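Have it open while you read, as I go point by point.

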Amino acid sequence: MTNPPAVTVRDLTKSYGSSVALHGVSFDVAPGETLGLLGPNGAGKSTIVEILEGHRDRSGGEVRVLGTDPRRGGLAWRSRLGIVLQSSGEAGLATVREEVALAARCWRRPRDVDEVIAAVGLTDRAGARLRSLSGGQRRRVDVALGIVGRPEVLFLDEPTTGFDPEARRDFWALVRSLSDEGTSILLTTHYLDEAAQLSDRLLVVDGGRVLAEGTPADLVGASARTPRVTWRDATGTHEVRTDAPAALVARLHADGGEPDGLEVHRPDLETVYLELVGAATGVAGAGGAAAGGAPDRGVRATGTEAVAS
Amino acid sequence: MTALALGLARARHEVRLYARSADTVFFTFAFPVLLLAVFSVAFSEQSFGSDADGLAVTAAAYYLPGMIAAGILLSGVQGLAVDIATERGDGTLKRLAGTPLPVSSYVLGKAGQVLVTSAAQVVVLLAVARLAFGVALPTEPERWGRLVAVYLLGITASALLGVALSRVPSSGRAATAVVVPVTVVLQFVSGVYLPFTQLPEWLQVVASSFPLRWIAQGLRSAFLPEGFATLETGGSWDLPLVLAVLAGFVVVGAVLARLTFRWTRADA
């Protein structure tokens with residue numbers, strides 16, 4: 001329990017001239033934990049990840065990855081990281097096996113090349129040139145290159161873009177097995193189901209701020225998931241949030257027979273997420289109750305002033 | 001795995017990829033061979049002087065050292081500058097920057113690729129000159145020694161300057177547009193296509209601040225009859241000066257490459 005965090009971020013800020021990309025972001029990734037970083041395009045996710053990877057400098061705040069400031073991270077530090085960037089446009093003249101085998105040589109204790117290729121499901125295509133692969137297959141090579149060095153901390157930046165549903169399930173299994181081996185993972189993704197499936201904790205970011213942080217169960221927990229019953233009658237459209245939707249529907253039926261447009265809706269992660277992000281950016285949320293619908297129990301909502309606006 | 005072993009492994013990989021790329025095989029590898037063939041045929045009726053025994057120097061014999069020099073420049077400066085700028089543009093270098101690959105291993109891999117492919121190019125040029133155009137290759141060991149010394153210094157300087165030049169293009173796509181004009185102009189003013197001493201003196205001075213002029217002169221000393229030395233700037237081959245200048249370019253290239261190399265373009 002006293003292990004230092006794999007990743008520590010405190011009051012991280014980043015500005016480009018007068019435009020501010022990050023307004024003081026703080027979070028930790030515990031050893032062996034998978035943290036899901038969620039947010040719309042332009043939220044600041046990639047900026048955070050690139051600063052942690054040492055690809056980008058920061059304007060202020062403290063950052064430690066495996067105890068080292070990425071500004072000063074040398075090759076020994078790099079050898080403990082695995083990085084899967086967003087997809088690149090490499091020429092792809094090498095074969096899958098050649099590329100993975102060459103990358104493996106950089107690390108002191110690499111995984112077996114064929115095992116890695118099998119783990120990402122490309123055994124059949126091991127001898128194919130990268131440029132002949134489909135987008136999803138190419139992405140799996142990126143993942144293979146990121147994990148071949150047996151990293152202690154793994155950065156996955158939208159790793160399953162272009163995967164078909166089966167490949168995505170296989171990839172989830174792979175990430176879980178890496179996690180079981182003790183790998184700390186920072187996962188950036190657009191897919192909420194993926195974030196919920198894989199992450200021990202979620203961090204919702206938008207406008208360079210952390211809007212909410214908690215376990216998937218917290219974020220989509222009891223209070224956030226209070227079912228919503230909507231129906232219409234002569235006086236208009238009604239919406240009631242209640243923990244006993246069946247009782248409400250029975251009473252409606254007893255009072256006036258079959259109501260028009262009756263719906264019982266239990267918010268899923270996506271609804272909660274859209275409400276959070278929508279409220280923060282001033283865009284209409286998923287429902288009329290967006291402003292009051294932000295999760296309030298078991299979740300540290302750090303952007304409260306923005307949510308309230 | 002040491003940085004050296006890693007560099008050699010990368011060199012093998014790079015050579016393999018070079019051979020698979022139609023662009024580099026044509027524009028870098030085959031181009032000087034093609035030009036040698038074109039010049040040998042086009043100027044076959046022209047007189048290029050004769051050797052001590054009165055035998056005429058053919059167009060193929062006259063242009064062979066120039067084409068080898070051009071190949072050294074293309075393989076090193078043009079090949080690497082375009083290759084590295086492209087890899088910087090397409091995200092390869094950003095990915096490598098995130099791995100424990102030492103910069104020295106990456107550069108060594110590129111330099112190894114240049115050395116292997118340009119040496120193969122020299123062999124092909126010699127074979128074509130000898131077999132297709134009947135050029136008599138040097139018989140004295142000293143002339144082969146000149147070839148090896150000028151080649152090694154020239155290709156090393158070219159490769160290092162190519163690494164440095166790769167920093168200039170703003171994108172992979174711009175790389176060819178930025179680099180090719182530089183190498184084409186250098187070939188025209190360095191005595192590869194046109195006799196160096198026929199250029200205006202100021203242009204000779206300008207051209208002398210680039211390595212190609214010295215590579216071409218050094219290679220002429222290896223292939224052309226001794227009597228042709230009188231046609232050079234100082235009336236002699238000036239081989240010690242040629243080698244000293246090329247060694248200087250190796251040092252300058254190494255410093256520039258070291259100072260300018262970055263995995264990615266913007267570290268903002």
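1. Let's begin with A:Asp11, which sits in strand S1 (residues 7–16) of chain A. This is a predicted model, and the backbone here deserves a glance: phi of A:Asp11 is near 50°, a positive value in a residue other than glycine. Is A:Asp11 buried, exposed or partly exposed? It has 13 C-beta neighbours inside 10 Å, so A:Asp11 counts as partly exposed.

2. A:Gly60 belongs to strand S4 (residues 60–65) of chain A. If you skip neighbours within four places in sequence, A:Gly60 is in contact with A:Asp11 and A:Thr13. With A:Ser15 the C-alpha separation is 9.1 Å, although A:Gly60 and A:Ser15 are 45 residues apart along the chain. A:Gly60 has 12 C-beta neighbours inside 10 Å and therefore counts as exposed; the cut-off for that class is 12 or fewer.

3. A:Arg150 is another non-glycine residue with a positive phi, near 55°. You'll find A:Arg150 in the loop between helix H5 (135–147) and S6 of chain A. Its 19 C-beta neighbours inside 10 Å put A:Arg150 in the partly exposed class, because buried would take 20 or more.

4. Now the sheet that S6 belongs to. In chain A, six strands make an open sheet, ordered S5-S6-S7-S3-S8-S9, and the pairing is mixed. Which strands stand at the edges? They are strand S5 (81–84) and strand S9 (209–214) of chain A; each has a single partner strand, so one side of each is left without a neighbour in the sheet. On average, neighbouring strands of this sheet are turned by 15° against each other, direction ignored.

5. Inside that sheet, have a look at strand S3 (residues 34–38) and strand S7 (residues 184–188) of chain A, which pair in the parallel sense over four bridges. For a landmark, take A:Leu37, which stands opposite A:Thr188 in S7(A). Helix H1 (residues 45–53) of chain A lies across S3, S5, strand S6 (153–157), S7 and strand S8 (201–206) of chain A. The helix runs at about 150° to S6(A).

6. Chain A has another open sheet, this one of three strands in the order S11-S10-S12, with antiparallel pairing. Strand S11 (236–241) and strand S12 (260–265) of chain A are its edge strands, each pairing on one side only. Strand S10 (residues 228–233) of chain A and S11(A) run antiparallel and are joined by six bridges; A:Trp231 has A:His238 in S11(A) as its bridge partner. Helix H9 (residues 245–256) of chain A packs on the sheet, touching S10, S11 and S12 of chain A, and its direction makes about 15° with that of S10(A).

7. Stepping back to chain A as a whole: there are 11 helices and 12 strands. Of the 309 residues in chain A, 41% are buried. Among chain A contacts with a separation of 6 or more, 66% are between residues 24 or more positions apart.

8. Nonpolar side chains tend to be buried together in soluble globular proteins. Here the largest nonpolar core has 134 residues, and those with the most contacts inside it are A:Val100, A:Ala144, B:Leu64, B:Ala69 and B:Leu246. What gives the most to this core? Helix H3 (residues 59–90) of chain B does, with 19 residues. The core also draws at least three residues from each of domain 1 (7–215) and domain 2 (219–308) of chain A.

9. Last, the interface: 22 residues of chain B are in contact with 20 residues of chain A. On the chain B side, helix H1 (3–20) and helix H4 (92–97) each supply at least two residues, and H1(B) gives the most, with six. By type, the chain B side divides into nine nonpolar, seven polar and six charged residues.

Technical notes. Residues are numbered from 1 along each chain as its sequence is written. Chains are lettered from A and ligands numbered from 1 in the order in which they are written. This is a predicted model: local features need pLDDT of at least 70, side-chain atom pairs count only at pLDDT 80 or more; totals for chains, interfaces and linings use all residues. A nonpolar core is a set of buried Ala, Val, Leu, Ile, Met, Phe, Trp, Tyr and Cys residues joined through C-beta atoms within 7 Å. Domain bounds come from an automatic or database domain assignment. Two residues are in contact if their C-beta atoms, placed from the backbone, lie within 7 Å. Ala, Val, Leu, Ile, Met, Phe, Trp, Tyr, Cys and Pro count as nonpolar, Asp, Glu, Lys and Arg as charged, and the others, Gly among them, as polar. Two strands pair if DSSP finds at least two bridges between them. Axes are lines fitted to C-alpha atoms, for helices over the stretch in contact, and angles run from 0 to 180 degrees between N-to-C directions.
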